[in-house]
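Visitor: I am new to reading protein models. Could you take me through some features, one at a time?

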Amino acid sequence: GSRRVPAYNPSAMAIYLDHAATTPLRPEALEAMLPYLTDRFGNPSSPHAFGRAARAALDEARERMAARLNAEPRELVFTSGGTEANNLALKGAAWAGKARGNQIVTSAVEHHSVGHTLAYLEKFGFEIVTLGVDRYGRVDPEELEARLEERTILVSIMLANNEVGTIEPIAEIARRVHARRGVLLHVDAVAAAPHLPIDVRALDVDLLTLSAHKFEGPKGAGVCFVRRGVHILAQQQGGTQERYRRAGTEDVAAIVGMATAYELACAERDAVTARLRQAGARLARALAAEPGIERTGHPTERLAGLVSVVIPGVDGAELVVALDLG
């Protein structure tokens, strides 16, 4: 017989504090998505009216995202999320640059979708140099520069850490990386996107990745920015979608929802940041009053939406479960 899914029945007093993991889909994004989940179901690669309507929505979403990122629409590759975007950026750039060198420089605090991807590339002859960070979780740009060699082809450093919230000095890192001809800079901006303005020109990055579900968009949608002139090797073969960089029929509904959510996140960022800073400071003061609790991450260069602490003798996973059951 069929299995029944248990009803979702959270406590009326439950408060969701895990926006670093995922965010609820905002109503405006859902509303924008609905037509492309129902009557506007065409394949954007089809030449008939159904396909042309889907293509128009896809093109418009690409232009809207590009405008907020200060990118050209052609520089955006839509993916199934941040993990695929990071895989495409890292593997694509690594394999495209393999003839020139095999060294990739990264940090010890990257997301698994970066760290595990680089560990995979190591199996194919790439040398991965992993930089440590200071007590606040920051990469030292001078140390990074010192580790660059003639055979370095790629540097991957996140814009902000998804656990402690520390913001990395990407503009300074970019200056030093691009002083070496031919070295590309990839930045994982997934955690930063809800909280920081993302301007790919100001950051001077070659590759940058986002994920919609971090800023109240749908799961299953992401973006890989590939600066015009940068060559990457496609990691999915099939059709001609995304200028041959990512084969597969685009999820039009999810992409439209992502563009809508990101526009709203950008428009509301200043007000939301002010509110989160106030709430975060209040929580931090309350925690600091308890003996032994230590706050982690940079004291000022940090995302407003994250408060990270160490509580001696308490396992984090067990604490989450206890709070969930409380």
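Visitor: Is Asn 70 buried, partly exposed or exposed?

Guide: Look at the relative accessible area. Under 20% is buried, over 50% is exposed, and partly exposed lies in between. This is a predicted model, and in it Asn 70 has a value of 37%, so Asn 70 is partly exposed.

Visitor: Where does Asn 70 sit in the chain?

Guide: Asn 70 lies in the loop between α2 (49-69) and β1. Check its backbone too. Asn 70 has a positive phi of about 60°, although it is not a glycine.

Visitor: Which loop holds Glu 216?

Guide: Glu 216 is in the loop between β6 and β7. Its phi is positive as well, about 70°, and Glu 216 is not a glycine. With a relative accessible area of 28%, Glu 216 is partly exposed.

Visitor: And Lys 123: is it buried or exposed?

Guide: Apply the cut-off again. Lys 123 has a relative accessible area of 68%, so it counts as exposed. Find Lys 123 in the loop between α4 (112-122) and β3 (127-131).

Visitor: How is Glu 84 classed by its accessibility, and why?

Guide: Glu 84 counts as buried, because its relative accessibility is 16% and the cut-off for buried is under 20%. Glu 84 belongs to helix α3 (residues 82-97).

Visitor: Now strands. Which way do the residues of β1 point?

Guide: Take the side chains in turn and note the side each one faces. In strand β1 (residues 76-79), Leu 76 and Phe 78 point one way. Val 77 and Thr 79 point the other way. All four names on that list are buried.

Visitor: Which strand pairs with β1, and in what sense?

Guide: Strand β7 (residues 222-226) pairs with β1 in the antiparallel sense, over four bridges. Phe 78 stands opposite Val 223 in β7, and Val 77 stands opposite Cys 224.

Visitor: What about β6 and β7?

Guide: Strand β6 (residues 207-211) pairs with β7 in the antiparallel sense, over five bridges.

Visitor: Why is β7 described as largely enclosed?

Guide: Count its buried residues. Five of the five residues of β7 are buried, so the rest of the structure largely encloses this strand. Gly 222, Cys 224 and Val 226 point one way, while Val 223 and Phe 225 point the other way.

Visitor: How do I read the shape of helix α8?

Guide: Compare its span with that of a straight helix. Helix α8 (residues 252-288) spans only 46 Å between its end C-alpha atoms, whereas a straight helix of 37 residues would span 54 Å at 1.5 Å a residue. Then look for a bend. There is a kink of about 60° in α8, centred on Arg 269.

Visitor: Last, pockets. What lines the second largest pocket?

Guide: Start with its volume, then its lining. The second largest pocket holds about 270 Å³ of space. It is lined by 14 residues, and Val 109, Glu 110, Asn 161, Asn 162 and Glu 163 lie nearest its centre. Sort the lining by class: three residues are nonpolar, seven are polar and four are charged.

Technical notes
Residues are numbered from 1 along each chain as its sequence is written. This is a predicted model: local features need pLDDT of at least 70, side-chain atom pairs count only at pLDDT 80 or more; totals for chains, interfaces and linings use all residues. Side-chain values use heavy atoms; hydrogens and water are left out. On a 1 Å grid over the protein atoms alone, a cavity is a set of points where a 1.4 Å probe fits but cannot get out, and a pocket is an open set with protein on both sides within 12 Å along at least five of seven lines; lining residues have an atom within 4 Å of a point. Grid points are joined across faces, edges and corners, and a volume is the space filled by probe spheres set on the points. Ala, Val, Leu, Ile, Met, Phe, Trp, Tyr, Cys and Pro count as nonpolar, Asp, Glu, Lys and Arg as charged, and the others, Gly among them, as polar. Helices (H or I, at least four residues) and strands (E, at least two) are DSSP runs, numbered from the N terminus. The expected span of a helix is 1.5 Å times one less than its number of residues. The bend at a residue is the angle between axes fitted to the seven residues ending there and the seven starting there. Buried means under 20% relative accessible area, exposed over 50%, partly exposed in between (1.4 Å probe, protein chains only). Two strands pair if DSSP finds at least two bridges between them.
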